[in-house]
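Here is a set of questions and answers for a reader who works with coordinates and wants each cut-off stated. Please keep the view open while reading.

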Amino acid sequence: MTRLPTVPLAGFPPSLAAAVERGRASRMLSSTVPVQVWAHRPELAEAWLATLEAIHSRGLLPGRLRELVRLKIASITTCKACQLARKDDAVSEEDIACLASGDARFSPPEQAALHYAELFAADYMAIDDAVFDALKRHYTTPEIVELNMFCALMLAGGRMTYVQQAYEPGA
């Protein structure tokens, strides 16, 4: 049960309904429940979804990397809804079982991004020049900016979903 009332999907303004439909079709959204809470402020919900959609549909980072980062942050924030959702088939259950940034199953660029995501979510004060130097060995400045924004959205979105209990029953 959500802590705030949800807006029925039928009550969404057309532009928000269209954004949700695109999000569901692309697997960017695994559930409409958080958006149904946000729909009390439809213009803000649309802005949030537009930013997610820009990264998801037109982003520079590969889907596998985004999914690894998303799931790493979800493992730290313990958001069950986030942990259960699957948004990219390139990430296996074996990958998910071992999201350690130093694991050899992950490429060096993935290791750098996972390490960054772990620090971003759990110990952001430890992010120093060395962490950014590691990212710069594998990513362009625009890619690092996107990684930063994606980590911020995943951390904030997961926490917001969790505290509002805006997820499917059982998640």
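**Burial, helix packing and ring pairs**

Student: Does phenylalanine 120 count as buried or exposed?

Tutor: The relative accessibility of phenylalanine 120 is 17%. Buried means under 20% relative accessible area, exposed means over 50%, and partly exposed lies in between, with a 1.4 Å probe and protein chains only.

Student: What pLDDT do side-chain atom pairs need in order to count?

Tutor: Residues are numbered from 1 along each chain as its sequence is written, and side-chain values use heavy atoms, with hydrogens and water left out. This is a predicted model in which totals for chains, interfaces and linings use all residues, local features need pLDDT of at least 70, and side-chain atom pairs count only at pLDDT 80 or more.

Student: At what angle do helices H7 and H8 pack?

Tutor: Helices (H or I, at least four residues) are DSSP runs numbered from the N terminus, as are strands (E, at least two), and H7 covers residues 108-122 while H8 covers residues 129-136. Their axes, which are lines fitted to C-alpha atoms over the stretch in contact, are 9 Å apart. With angles running from 0 to 180 degrees between N-to-C directions, H7 and H8 pack at about 145°.

Student: How many residues apart in sequence are the parts that the pair of tryptophan 38 and tryptophan 48 ties together?

Tutor: A search of the whole structure finds three aromatic pairs, where rings of Phe, Tyr and Trp (its six-membered ring) pair if their centres lie within 6.5 Å, and planes under 30 degrees apart count as stacked, over 60 as edge-to-face and the rest as tilted. Tryptophan 38 and tryptophan 48 form one that is tilted, at 5.7 Å centre to centre and 55° between the planes. Because tryptophan 38 lies in helix H2 (residues 33-38) and tryptophan 48 in helix H3 (residues 42-58), the separation in sequence of the parts tied together is 10 residues.

Student: Which of these two tryptophans is buried and which is partly exposed?

Tutor: Tryptophan 38 has a relative accessibility of 13% and counts as buried. Tryptophan 48 has a relative accessible area of 21%, and the partly exposed residue is therefore tryptophan 48.

Student: What is the angle between the ring planes of tyrosine 116 and phenylalanine 120?

Tutor: Both residues lie in helix H7, four residues apart, which is about one turn of the helix. Tyrosine 116 is buried, at a relative accessible area of 2%, and ring pairs link Tyr116, Phe120 and Phe132 into a cluster. The pair of tyrosine 116 and phenylalanine 120 is tilted, with 5.8 Å centre to centre and an angle between the planes of 45°.

Student: What distance separates the end C-alpha atoms of helix H4?

Tutor: The expected span of a helix is 1.5 Å times one less than its number of residues. H4 (residues 63-77) has 15 residues, so it should span 21 Å, and this agrees with the distance between its end C-alpha atoms, 21 Å.

Student: Which residues does lysine 72 contact, leaving aside its neighbours within four places in sequence?

Tutor: Lysine 72 lies in helix H4, a helix in which 13 of the 15 residues are buried. Lysine 72 is itself buried, with a relative accessible area of 10%. Beyond those sequence neighbours, lysine 72 is in contact with Leu99, Leu114, Ala117 and Glu118.

Student: What is the phi of arginine 27, a residue other than glycine?

Tutor: Arginine 27 is placed in the loop between helix H1 (14-26) and H2. At 30% relative accessibility, arginine 27 counts as partly exposed. The phi of arginine 27 is positive, near 75°.

Note on methods:
Contact = heavy atoms within 4.5 Å.
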